[in-house]
Amino acid sequence: MNIIVFGVGDYFNSRKQTLENRVNIVGYIDNNPNVYGKHIAGIPIVKPEEILTSRYDFIVIMSVFAFEMRQQLIELGVPKIKIKSYTEFYGELEKGKLTVWFGKNLNQDRRLSKILVIFNFMRYSSAFTLNLNIIDALKKEGFEVSVATAAGEVACIKEIQEKGITVLTYGNIHFAESKELIWIKNFDCIIANNVYMVDCVSEISKLRPIIWWLHEPENYVKSTIELAENYCEKNFDNIDICAVSEKARDDYWKCDNSKRIKILPIGIKDEGVVAEKAEEKKIVFAIIGYVGAIKGQDIFIEAIGRLSDAEKEFAEFWVIGHIGDVGYGLQIQEKARGERCIKILGEKNKQELSELYKEIDVVVIASRTETLSLVAIEGMMHSKVCIVSDSAGIAEYISDGENGFLYRSESIDELANVMRWIILHRSHMNSIGQKSRTTYENFFSLDSFSQRLKEEIQICIRDWNS
């Protein structure tokens with residue numbers, strides 16, 4: 001089968017291994033002019049219009065903005081039948097293939113309620129960390145937990161297996177009809193932890209109680225809903241819909257305000273590190289998360305550029321997270337080369353990141369939009385000073401200058417001014433960090449979260465049964 005891949009950014013880089021040696025990729029196209037002329041496995045990346053004379057079976061869109069890109073291809077004259085989103089294409093490749101990865105030292109207690117948590121694609125990211133915390137909260141309340149996903153990196157699957165959790169992979173889980181999902185009847189309640197399950201949640205609700213938990217921003221929601229087939233005809237009546245924050249709920253309502261959506265904030269296990277740092281050591285500012293435009297690493301680097309050379313002498317700036325070698329990732333690497341004080345540290349697993357937190361002083365959330373920010377919550381847990389874009393949902397928990405700092409989204413000068421103030425007033429950091437830690441304890445501890453989640457599961461099961 002010959003395919004053309006549309007989109008060579010982070011989404012593609014994290015999923016390309018699921019297609020390798022299974023299909024013949026004959027071309028790569030992208031809307032980013034910065035990647036034109038570059039090659040992947042000897043194949044050039046070109047403009048979408050330049051590929052139209054090629055022979056192919058399908059164009060596979062590898063981006064969260066598949067709807068807009070599909071419309072673009074249709075306008076270029078590509079037949080709709082030859083356009084597939086990645087989840088749709090991969091689901092068709094894997095339809096009917098259920099794989100079970102049993103948890104290590106599995107000790108199932110049949111007296112406990114059995115909960116299935118459905119991930120999106122499983123890889124090291126803030127979403128993966130979020131799901132690990134959901135697992136911890138469920139286990140704390142005595143539930144028997146399993147995980148399902150369309151696909152995932154083997155390292156992630158093995159990490160969950162080590163927790164004694166069974167992982168089920170089913171490539172067509174996003175688009176599965178109820179007859180494909182009979183195995184879901186083995187569970188008492190399902191938690192679908194992403195908006196991308198929009199095509200499947202109503203099918204699951206025919207079989208078992210389900211909590212559909214939303215945490216994606218408006219543009220992701222809009223693209224997902226527009227891409228969903230027969231969205232208006234789907235039955236959401238038996239689905240318990242929750243959002244991780246008021247911003248997440250409002251972002252969904254901007255696309256569809258007909259749904260009743262409750263607020264269910266996340267919480268994380270307390271693994272805070274306390275490390276004494278010598279006064280003479282440089283202040284470490286870190287931006288953490290996959291390197292993509294929505295996360296605003298470019299804003300972070302541009303703000304660093306506004307600092308004076310003297311100010312930079314007192315600080316280091318770390319970029320931590322998966323970074324590709326084309327597109328936005330390449331741009332960030334090129335921008336960073338001009339600043340000796342910037343370190344590109346790449347992707348880190350949980351243990352490695354925990355070690356890095358011992359050196360980090362300030363966590364920067366430069367996201368252009370974010371419904372909460374797990375990274376900010378982790379920073380608070382570790383008693384770090386957090387600088388937060390006001391477009392992030394976590395901003396509602398920040399009192400500027402008290403338990404953290406706020407700046408207007410995408411304002412490079414405001415972010416630079418906050419970093420400058422911290423460099424010049426480092427004696428205040430300990431007090432602000434302590435208040436940051438108190439915010440975590442009051443709102444995002446695992447104890448409070450696990451109890452909220454347990455209550456929501458009980459409500460969901462009761463309402464579905466009635």
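## Nonpolar cores

The largest nonpolar core has 101 residues, and Leu138, Ile160, Trp212, Ile360 and Ile394 touch the most other members. Helix α4 gives the most to this core, seven residues. A nonpolar core here is a set of buried Ala, Val, Leu, Ile, Met, Phe, Trp, Tyr and Cys residues joined through side-chain atoms within 4.5 Å. Buried means under 20% relative accessible area, exposed over 50%, and partly exposed in between (1.4 Å probe, protein chains only). In soluble globular proteins, nonpolar side chains tend to be buried together.

Ile360 touches Val284, Ala286, Ile288, Trp318, Ile320 and Lys384, leaving out residues up to four places away in sequence. Contact means heavy atoms within 4.5 Å. A second, separate core holds 35 residues, including Ile299, Ala315, Ile342 and Val364.

## Basis of the model

This is a predicted model: local features need pLDDT of at least 70, side-chain atom pairs count only at pLDDT 80 or more, and totals for chains, interfaces and linings use all residues. Residues are numbered from 1 along each chain as its sequence is written, and side-chain values use heavy atoms, with hydrogens and water left out.

## Largest cavity

The structure holds three cavities of 30 Å³ or more. A cavity is a set of points, on a 1 Å grid over the protein atoms alone, where a 1.4 Å probe fits but cannot get out; lining residues have an atom within 4 Å of a point. Grid points are joined across faces, edges and corners, and a volume is the space filled by probe spheres set on the points.

The largest cavity has a volume of about 450 Å³. Its lining has 29 residues, of which Thr129, Lys348, Lys350, Leu353 and Glu378 are the closest to its centre. Elements that give two or more residues are α4 (126-140), α12 (350-357) and α13 (374-381). Helices are DSSP runs (H or I, at least four residues), numbered from the N terminus. The largest share, five residues, comes from α4. By class, the lining has 12 nonpolar, 10 polar and seven charged residues. Ala, Val, Leu, Ile, Met, Phe, Trp, Tyr, Cys and Pro count as nonpolar, Asp, Glu, Lys and Arg as charged, and the others, Gly among them, as polar.

## Second cavity and helix α3

The second largest cavity has a volume of about 70 Å³. Among its lining residues are Arg15, Tyr86, Thr87, Tyr90 and His174. Helix α3 gives the largest share, three residues. The lining divides into five nonpolar, four polar and one charged.

Glu88 also sits in α3 (residues 86-94). Glu88 counts as buried because its relative accessibility is 18%. Beyond neighbours within four places in sequence, Glu88 contacts Arg70, Ile83 and Phe175.

Conventions:
1 Å grid on protein atoms, 1.4 Å probe; cavity = no way out; pocket = protein on both sides within 12 Å on 5 of 7 lines; lining within 4 Å.
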